[in-house]
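Visitor: I would like to learn how to read a protein model. Can you take me through one, feature by feature?

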Amino acid sequence: MARALPASHSILIVEGHTDRRALMHILAPTVRIVPAHGKSVLLEAYDGLVGSGFDQKMFFLMDCDNDTPDNRKGMHDLAVTCHRDLEADLLFSLDAFDRVAIDFLSAVHYELSAIESVAERTLERALNLAAMCSVVRDAARSCALRVRFTDPHSGHRRVARPDDLRAQLPSATNLTLDLVANAMGGVIGWTRDEVQGVLAASPGIVSCPHTSEGCSACRLLTFCNGHDAVQALAYMLTTETGIYVGAKEVEAQLRVGLDRRRVEHWPVGKRIRKWESRTGVRLLRERF
């Protein structure tokens, strides 16, 4: 593939198709994005291509997922996201989350001060729900419980996320880990004892170096992945505006709402710029 590309073209290897869609707005038109269909495949490709001569046109980008081996960090042609996954990096590092929330809320609130106040509350609730979903799933995995269920519409098995919990949760406000665990258990089919086991395993997952309950900064970096954050924001916006907001609608607006100027300050963006300077190959668009 690399041999057939023109000299000015490059290849970005990412984990999945959602990563491909998320990056298209900030990449140069000469970049070919290749989803590896998983972290293990991406790392196998990296190990097989490094030193082959073809790797001079290739850059690899992988999700942190809290399980990145130390020997994969600091490489000039492989970057690891700051947050749990690439979508979360783009949402929080490039300010898309805040900008899109304000855009939706302006439909029902007219004073800027009121919009900003409601947006802050809405975002906090969304991030809290997204983080709790990840904590519950991680705790369930530590208990050897399943975290997937059969989607009644598609018939496919997939991970339970905030969209699936809407009917199970009593409200969007005052959510607790107990409520989220019970809602997720209802979707997946855990027994009451299994739910209690998940809750018992959760404190060890939530704790961070700053506080035993886990501070908001650590919850954001460690637990909030992009898929959960988008769905949780859609849920909270629906509650706040009284108008149904779907996750796909929010996701599309988030891509448009990226503050491209912040790419130069994004740690992954900085790593890519260094690789560009070293190889003379363009990956990101020209300076924003």
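**Reading the model, strand by strand and beyond**

Guide: Strand β1 (residues 10-14) pairs with β3 in the parallel sense, over three bridges. Keep in mind that this is a predicted model.

Visitor: Which residue stands opposite F60 in β3?

Guide: I13 does. Now look for another partner of β3. Strand β4 (residues 78-80) runs parallel to β3, and three bridges join the two. There, M62 stands opposite V80 of β4.

Visitor: How many of the residues of strand β3 are buried?

Guide: Five of the five residues in β3 (residues 58-62) are buried, so the strand is largely enclosed by the rest of the structure.

Visitor: How should I think about the two faces of a strand?

Guide: Start with the general idea. In a regular strand, side chains alternate between the two faces of the sheet. Now the case here. M58, F60 and M62 lie on one side of β3, with F59 and L61 on the other. These residues are all buried, and both faces of β3 are covered.

Visitor: Next, the nonpolar core. Which residues have the most contacts inside the largest one?

Guide: L23 and F97 do, in a core of 80 residues. Helix α5 (residues 112-142) gives the most to this core: 15 residues.

Visitor: What is L23 in contact with, leaving aside its neighbours within four places in sequence?

Guide: L23 is in contact with L12, V14, L61, L86, L90 and W266. There is also a second, separate core, of 11 residues. Its members include I11, L42, M58 and F60.

Visitor: Back to helix α5. How do I read its length?

Guide: Compare its reach with the expected one. α5 has 31 residues and reaches 45 Å from its first C-alpha to its last. That is close to the 45 Å expected at 1.5 Å a residue. Then look just after α5, where A144 takes a positive phi of about 60°.

Visitor: What does A88 touch, not counting residues up to four places away in sequence?

Guide: A88 touches H83, S93, C224, N225 and G226. A88 sits in helix α3 (residues 86-93) and is buried, at 0% relative accessibility. Take A88 and N225 as a pair. They are 137 residues apart in sequence, yet 5.3 Å apart in space, C-alpha to C-alpha.

Visitor: Now charged side chains. How many salt bridges are there?

Guide: The count comes to 13 salt bridges. Take D164 and R158 as one case. Their closest N and O atoms are 2.6 Å apart. D164 is buried, with a relative accessible area of 17%. R158 counts as partly exposed, at 28% relative accessibility.

Visitor: Where do R161 and D228 lie?

Guide: First, the contact. The side chains of R161 and D228 meet in a salt bridge, at 3.0 Å from N to O. R161 lies in the loop between β6 (157-159) and α6 (162-165), and D228 in helix α10 (residues 226-241), so the pair ties together parts that are 67 residues apart in sequence.

Visitor: Are R161 and D228 buried or exposed?

Guide: R161 is buried, and D228 is buried as well.

Visitor: Which residues do salt bridges that share partners join into one network?

Guide: Begin with one link. R282 and E286 meet through their side chains in a salt bridge, at 3.5 Å from N to O. R282 counts as partly exposed, at 29% relative accessibility. E286 is exposed, with a relative accessible area of 55%. Through shared partners, salt bridges join E264, R273, E276, R282 and E286 into one network.

Visitor: Last topic: cysteines. How many disulfides does the structure hold?

Guide: The general idea comes first. A disulfide is a covalent bond between the sulfur atoms of two cysteines. This structure holds zero disulfides.

Visitor: How far from C133 is the nearest cysteine sulfur?

Guide: That sulfur belongs to C224 and is 9.5 Å away. C133 is in no disulfide. C133 counts as buried, at 0% relative accessibility.

Conventions: Residues numbered from 1 in each chain as written. Predicted model: local features only at pLDDT ≥ 70, side-chain atom pairs only at ≥ 80, totals over all residues. Heavy atoms only, no water. Salt bridge = Lys/Arg side-chain N within 4 Å of Asp/Glu carboxyl O. Buried < 20%, exposed > 50% of the residue type's maximum accessible area, 1.4 Å probe, protein only. Helix = DSSP H or I, 4+ residues; strand = E, 2+ residues; numbered from the N terminus. Core = buried A, V, L, I, M, F, W, Y, C linked by side-chain atoms within 4.5 Å. Contact = heavy atoms within 4.5 Å. Expected span 1.5 Å × (residues − 1). Disulfide = S-S within 2.5 Å. Pairing = 2+ DSSP bridges.
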